[in-house]
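The report below covers contacts between two protein chains and their surroundings in a predicted model.

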Number of protein chains: 2
Amino acid sequence: MNNMRANKKDEVSGYQLDKFQDLIARLFQCCQERMQYQCERFQLPDAEFRCLGMFGEERYLTAKSIAHRMNVVKSRVSKIIDGLLKKGLIQRIKDPEDSRVHLLSLTPQGQKKMNEINEFLDEVYGEVLSRMATDQRRAMLTNLDILKASMEAVKEMMV
Amino acid sequence: MNNMRANKKDEVSGYQLDKFQDLIARLFQCCQERMQYQCERFQLPDAEFRCLGMFGEERYLTAKSIAHRMNVVKSRVSKIIDGLLKKGLIQRIKDPEDSRVHLLSLTPQGQKKMNEINEFLDEVYGEVLSRMATDQRRAMLTNLDILKASMEAVKEMMV
DNA sequence: CTCATATTGTTCATAGGGAGAACTATAACA
DNA sequence: TGTTATAGTTCTCCCTATGAACAATATGAG
């Protein structure tokens, strides 16, 4: 009797659903506001900011690879790169093996800016985490990981 | 010896910090992609979509109140409302008590669209939650709530 | 070697997102 | 009856993003 729907997934209460939607919306809001704050603080438009951040992972990037990583079209990347070049944060050299491609890398000034940014990010995220007790923090991260997995799985369904 | 820094908050390991930053970035990404998917699916620009959603909470809205809720300047709201009016999703009447203000409300068509949207949202969020066991889900929501509180507290510091 | 094809990147047109200033119309108060 | 405040609209400007057309270089087939 009790498990007439036992073959279905565990049931989600309406309360949980509402609560969850609200939580996600608020977290999303926080992230967006932090982005905006960052952009103002470091005097960079959002796209240039995100682009700059990718040079931490690899020394040289090309327009094509940036387009791929940022999930935007190449013409968009042209403009972003323009902005960063004009600000003196990245530099461009020709690829010696293929003169169609430009290799992009941080200038010393860009490197310095990235260090400042990373310092700021560590500070902000660290502050968030430090507001929880050690055990709490560990539990939260574990649960967040589970949530991430679940959301990414559902994301795949929405194409 | 061990607690030389006992007066400081519990320490956050570098590993936790990296992990956390990555998790947040990915969750944020998921939310953004879902937004984009929604907009395409319901044939609405993002801003109009978000605006429409606010009519669930109150029957009548004004440009001013929308500007406040959406955290956007009133000229922007004018354009958003224009779009929704043109699509026949909302309607406008003069406030009988103050002829400067326009009262905005959903048309039947707009109501129908909102129902579809809410159905979709419940489905998506429900799917995410249903991928966890009941206990897991409860724990995750609790932890998410704690995270939200922490992030909102830190947000206040960034003004 | 040369011509067709593919790839990298730029420019331009178009459209949405958002801020701010100038302006209109209506209220409200002195 | 004038100020002064408030609600909206319009205009200009900038950022984000796409797609199409176009340049220059690479590459592979004949």
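## Helix packing between the chains

The axes of α1(A) and α1(B) cross at roughly 110° and come within 10 Å. An angle of 65 to 115 degrees counts as roughly perpendicular, and α1(A) is therefore roughly perpendicular to α1(B). In this contact Ile24(A), Phe28(A) and Cys31(A) of α1(A) meet Ile24(B), Phe28(B) and Cys31(B) of α1(B). By class, the residues of the contact of α1(A) with α1(B) are six nonpolar, with no polar and no charged.

A second pair, α5(A) and α1(B), packs at an angle of about 95°, with the axes 10 Å apart. These two helices, α5(A) and α1(B), are therefore also roughly perpendicular to each other. From α5(A), the residues Leu121(A), Asp122(A), Tyr125(A), Gly126(A) and Leu129(A) take part, and they meet Gln16(B), Leu17(B), Phe20(B) and Gln21(B) in α1(B). The contact of α5(A) with α1(B) has five nonpolar, three polar and one charged residues.

## The interface as a whole

Across the interface, 49 residues of chain B are in contact with 49 residues of chain A. On the side of chain B that touches chain A, α1, α5 and α6 of chain B each supply at least two residues. The element that gives the most to this side is α6(B), with 18 residues. The residues on the side of chain B that touches chain A divide into 27 nonpolar, eight polar and 14 charged.

## Nonpolar cores

The largest nonpolar core has 26 residues. Within this core, the residues with the most contacts are Val128(A), Leu129(A) and Met151(A), together with Val128(B), Leu129(B) and Met151(B). At least two residues of the core come from each of α1 (14-41), α5 (108-130) and α6 (134-157) of chain A, and likewise from each of α1 (14-41), α5 (108-130) and α6 (134-157) of chain B. Another core, of 14 residues, lies apart from it and includes Leu44(B), Leu61(B), Val77(B) and Leu89(B).

Leu129(A) belongs to the largest core and also to the contact of α5(A) with α1(B). Not counting residues up to four places away in sequence, Leu129(A) touches Arg137(A), Val12(B), Gln16(B), Leu17(B) and Phe20(B).

For DNA strand C, the elements that give two or more residues to the nearby surface are α3 (63-70) and α4 (74-86) of chain A with α2 (46-53) and α4 (74-86) of chain B. The most is given by α4(A), with four residues. The surface near DNA strand C consists of seven nonpolar, six polar and seven charged residues.

For DNA strand D, at least two residues of the surface come from each of α2 (46-53) and α4 of chain A and α3 (63-70) and α4 of chain B. Here α4(B) gives the most, with four residues. The residues of the surface near DNA strand D divide into seven nonpolar, six polar and eight charged.

Most residues other than glycine have a negative phi. Two loop residues of chain B are described here for their phi values.

Gln43(B) is found in the loop between α1 and α2 of chain B, and its phi is positive, near 55°. A residue is exposed if 12 or fewer other C-beta atoms lie within 10 Å of its own; Gln43(B) counts as exposed because it has 10 C-beta neighbours inside 10 Å.

Asn71(B) lies in the loop between α3 and α4 of chain B, with a positive phi near 60°. Asn71(B) has 9 C-beta neighbours inside 10 Å and so counts as exposed.

Ile93(B) is found in strand β1 (residues 90-94) of chain B. With 10 C-beta neighbours inside 10 Å, Ile93(B) also counts as exposed. Ile93(B) and Glu58(B) are 35 residues apart along the chain, and their C-alpha atoms are separated by 16 Å.

Note on methods
Residues numbered from 1 in each chain as written. Chains lettered and ligands numbered in written order. Predicted model: local features only at pLDDT ≥ 70, side-chain atom pairs only at ≥ 80, totals over all residues. Nonpolar A, V, L, I, M, F, W, Y, C, P; charged D, E, K, R; others polar. Core = buried A, V, L, I, M, F, W, Y, C linked by C-beta atoms within 7 Å. Buried ≥ 20, exposed ≤ 12 C-beta atoms within 10 Å, placed from the backbone. Contact = placed C-beta atoms within 7 Å. Axes fitted to C-alpha atoms, helices over the stretch in contact; angles between N-to-C directions. Parallel < 35°, antiparallel > 145°, perpendicular 65-115°, else oblique.
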